[in-house]
Amino acid sequence: MTSAPLASRSFSMDDQIAFARLSSDWNPVHRDHAFARRTQVGAPVVHGINNLAWAANAVLQCFPFRVSNIRARFLQPLYLDELASVRIRNRTDRLIEFQVVAANVAVALIRLSSGPGKFAVAGTPSATSTPVRMSQPADLRFEQLAGQSGAVATSDKDVRSLFPALSDAIGPSAVKALLATSEIVGMTCPGLHSLFAGLDVNCDPKAGRENVLAYSVTKVDARFRSLQIEVSGAGIAGRLEAFARPAPPTQPGMAEIAPHVAGSPFAGQYSLIIGGSRGLGEVTAKIIAAGGGRAVITYRESGDDAERVAADIRRAGGQCEILHYDALAPANAQLQTLGAVDCAYYFATPRIFRRKSALFEPQTLHMFLRYYADGFNDLCTALSRDGAEKLTVFYPSTMAVDERASATTEYAMAKMAGEVLAQYLNEFAINIDVICRRLPRILTDQTATIGVASADNALDVMLPIVYEVQQSARRDPVPHG
């Protein structure tokens, strides 16, 4: 209806914590950087219901009316400190449709109506369920979700002062029930690995017990890991839609990797693995250590992940050191205490899948280039300082270069730039030998998705590459296996 935003704001970490206290939804994806980093969203995201309540309150402050039905679809995550704007799409005497927009992309579609929704309710959740408040999110397997039921207590805090127009439109009790849907999805069902997809609820003062919101899972679909949850109580009745995200993938441990490495083919070799605290870097470090090599793994954000990898290697009798390293900071100063290495592996990367508002975004390309070209070149320069002996470096490119998906345009372009840089280093740098390979989609934190998506095994992909790199760095190569 209009392109001018009705209201705008961003949500801080303090806002997240305040909403968690209000709603009792303490799911770590909203406030724990280390946890969120290992999920598909990659960083803490705003509670969908917090976004909905703020936006609906802003709309109703301008266009007040009695609301009987709320529908919402949460299309994309809204990140902390990201500017969100409310834009009206359609408004009549009986309804208002609007969207929440971030970076020119709709992250939520919301419809407020004075008439009740016409959805068919399969069954009313038990009004006698005893409310349960969980201190930690439930961590259920998808197979356990069908038929789950229970109840949560709504907040005893003042919501009218926070959402005055929304409270006038549906009543404070219904506002509290709306907030409690966040607790249901984020803490109980699906819980830890949840994704709130949307809701369709009627606001009815006669709906269920006051201060208690009952829920029941009425439908699940294993193909998409989706579920429908019917709710009733405290002034609302309707349906929630959610997904159960796959748990962050774990890479194989030393016990699984060691049988694939015969003897000690990497004994006496000192290898630096940039980004060795998880994913492909973690697997690479374990392969090297299983073969008798000495691995140095780096981390940028999560020292705990690096300690976990190093502990697994050491328990198996391997050698592993840890180094903090930021690929965007000057490499030379960060590597002063590092002795001469035989090999280096460069797995530094930002979040690959990110919101886009255009086919090509120059600022996104620049960000990727800082990692895949600038950072890589800086590392090679620092490691080959002072006339060091010839160094073998592995540069991982991607088959996304050939696939040409619009969502990864800038990522593929930056990886191609890294490939060209690798060619020039091989041609003109005296003591650098870069081995570059385009890798297939491999199951890591960044590639795990809801639904069916094929991905190769990290050990199967990296094992022959590690042998190639380590043998290239050895004057007398040891045969593979």
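Two strands count as paired here if DSSP finds at least two bridges between them. In this predicted model, strand β1 (residues 7-9) meets that cut-off with strand β3 (residues 84-91), the two running antiparallel over three bridges. Within this pairing, Ser8 has Ser85 in β3 as its bridge partner. On β3 there is also an antiparallel pairing with strand β4 (residues 95-102), this one over six bridges, and Val86 sits opposite Val100 in β4. Three residues separate β3 from β4, and the two strands form a hairpin.

A further sheet is open and parallel, with six strands in the order β13-β12-β11-β14-β15-β16. Because β13 (319-324) and β16 (432-439) are at the edges and have a single partner strand each, one side of each lacks a neighbour in the sheet. On average, neighbouring strands of this sheet are turned by 20 degrees against each other, direction ignored.

Arg437 and Glu468 meet in a salt bridge, at 2.4 Å from N to O. This pair links distant parts of the chain, with Arg437 in strand β16 and Glu468 in helix α13, 31 residues apart. Arg437 is partly exposed, at 33% relative accessibility, and Glu468 is partly exposed too, with a relative accessible area of 30%.

Now to the interior. In soluble globular proteins, nonpolar side chains tend to be buried together. The largest nonpolar core in this model has 65 residues, and Ile70, Phe98 and Leu199 have the most contacts inside it. Helix α3 (residues 48-62) gives the most to this core, contributing nine residues. A second, separate core of 36 residues includes Tyr346, Tyr372, Leu383 and Leu425. Beyond its close sequence neighbours, up to four places away, Leu199 touches residues including Ile49, Leu52, Ile70 and Arg239. Arg239 is itself buried, as is Glu230, and the side chains of these two meet in a salt bridge (3.6 Å, N to O).

Two loop residues are also worth a look. Phe266 lies in the loop between α6 (254-257) and β11. Its relative accessible area is 1%, so Phe266 counts as buried, the cut-off being under 20%. Leaving aside neighbours within four places in sequence, Phe266 is in contact with several residues, among them Ile287, Ile288, Val466, Tyr467 and Gln470. Thr39, in turn, is found in the loop between α2 (33-37) and α3. Thr39 is buried as well, with a relative accessible area of 4%, and touches Val29, Arg245 and Asp445 when residues up to four places away in sequence are not counted.

Overall, the structure holds 22 salt bridges. One of them joins Arg160 to Asp168, with the closest N and O atoms 2.5 Å apart. Arg160 is partly exposed, with a relative accessible area of 37%, whereas Asp168 is exposed, at 52%. Elsewhere, salt bridges link Glu282, Lys286, Arg308, Asp312 and Arg315 in a network.

Terms used:
Residues numbered from 1 in each chain as written. Predicted model: local features only at pLDDT ≥ 70, side-chain atom pairs only at ≥ 80, totals over all residues. Heavy atoms only, no water. Helix = DSSP H or I, 4+ residues; strand = E, 2+ residues; numbered from the N terminus. Axes fitted to C-alpha atoms, helices over the stretch in contact; angles between N-to-C directions. Buried < 20%, exposed > 50% of the residue type's maximum accessible area, 1.4 Å probe, protein only. Contact = heavy atoms within 4.5 Å. Core = buried A, V, L, I, M, F, W, Y, C linked by side-chain atoms within 4.5 Å. Salt bridge = Lys/Arg side-chain N within 4 Å of Asp/Glu carboxyl O.
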